[in-house]
Amino acid sequence: MNKMVYFIILVILSGCKADITEPQEYRYITDLTKVEDGSIPVQLQFSGILPDTAYFCLPKLVPGIYDDTNFGKFVNDFKAFNAEGERLKVNKLDINCWQIFKAAGLDRIEYFARQGWNNFDFEDPRPYRSAESFFSEAVCILNPNSIFGYFKDQEDLPYHVVVKKNESLYGASSLEKRSVSKNQDEFSAENYRYLVDNPVMYAEPDTTTIELPNISVGIASYSSTGKKIADSLAASIAPLLKNQTEYLDGNLATDKYTFIVYHNENTENERYFADGLEHNQSTVLLTYSPLDVEVLKATVFSLASHEFFHTVQPLGLHSYEIAHFDFSDPKFSQHLWLYEGMTEYFTIHMRIKQKMESLEDFLEVLEEKI
């Protein structure tokens, strides 16, 4: 063969190699402008390698929750297609997992993700609503664990999530975000564990940022009253966060944190309550209360004082079971006392060490804990 033939063969082989090394990832697309009956459409384009029979799942539960929650119950009308647009045979194994046949030829998956609650109030006082999603024209809370799934044994591949939305809505999250246009955002996550750990809230912008040494803390809020509350909440918890970072000598496990606050107004009486779930780089707080700024401040302050210390553990210090969480068949570690007990100890000890309260107040808190 002459040099030209060798060159042609090299070009052909280079092209084949490019196809083989195409990045393997999950690419999700959802459209918040198409909310219907509390559901949104979801499409998955998967560029990874699948066996002839594959298993697609949503979590049985997620870190921070200690009861089976079964997020697959929020998925409806599940369908799988090949490149020719033909539907693949699907068998629903249980509430969280689907068996897909001839999956090696899979082109896309389509389904609808349903919200977990209609109104955050006293009518349905279940725990863990802060781990579920909510969709409306005014506000959407996206907890990825209740919307997006994974193929078994392929949870470590990167995730790319495209969110189509109304121009007036802003997406707040600690996830890496790129605004492609006024009507579309794109989020990236290194794996499913990281995606699940970063909820997103879409609402008209009501955000502010607290800049502290070694960390930037964002406050993103929504109130059903239409009032802006982020600045008031930030002013209330800024001194707390400053003292917490000083208490930790600035040695933080993250340089970015987001408080996502959803407020539904109680217009009937003065009763109120809240439901929150911590994440490594954010906290979701759902509140039901009158529009009383002082009540909201106290609620967020109380939550922030505990949840922010979760950046120490389990973000900075955790067991194997947390680092390699099995979303389909979770194995609990024996360290709840560490994650919650020590976090709460830091919460109460910080106040006296930073001279935020007296010795008498500190001892009184200890007595209450006992």
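Hi everyone, let me start with a rule: a salt bridge is a side-chain nitrogen of Lys or Arg within 4 Å of a carboxyl oxygen of Asp or Glu. By this rule, the structure has ten salt bridges. Please keep in mind that this is a predicted model, where local features need pLDDT of at least 70, side-chain atom pairs count only at pLDDT 80 or more, and totals for chains, interfaces and linings use all residues. Residues are numbered from 1 along each chain as its sequence is written, and side-chain values use heavy atoms, with hydrogens and water left out.

Now to some of the pairs. Glu344 forms a salt bridge with Lys369, with 2.8 Å between the closest N and O atoms. Glu344 sits in helix α7 and Lys369 in helix α8 (residues 359-369), so this pair ties together parts that are 25 residues apart in sequence. Helices here are DSSP runs (H or I, at least four residues), as are strands (E, at least two), numbered from the N terminus.

Buried or exposed: what are Arg193 and Asp197? Both are buried, meaning under 20% relative accessible area, while exposed is over 50% and partly exposed lies in between (1.4 Å probe, protein chains only). Arg193 and Asp197 also form a salt bridge, with closest N and O atoms 3.8 Å apart. Asp77 and Lys79 form another, with their closest N and O atoms 3.8 Å apart. Here Asp77 is partly exposed at 44%, and Lys79 is partly exposed at 23%.

A cavity is a set of points on a 1 Å grid over the protein atoms alone where a 1.4 Å probe fits but cannot get out, and its lining residues have an atom within 4 Å of a point. Grid points are joined across faces, edges and corners, and a volume is the space filled by probe spheres set on the points.

How many cavities of 30 Å³ or more does the structure hold? There are three. Of its 15 lining residues, the closest to the centre are Pro63, Gly64, Arg193, Glu278 and Pro314. Helices α2 (192-196) and α7 (336-353) each give two or more residues to that lining.

The second largest cavity holds about 60 Å³ of space. Its lining residues include Leu142, Phe148 and Val200.

How values were computed
1 Å grid on protein atoms, 1.4 Å probe; cavity = no way out; pocket = protein on both sides within 12 Å on 5 of 7 lines; lining within 4 Å.
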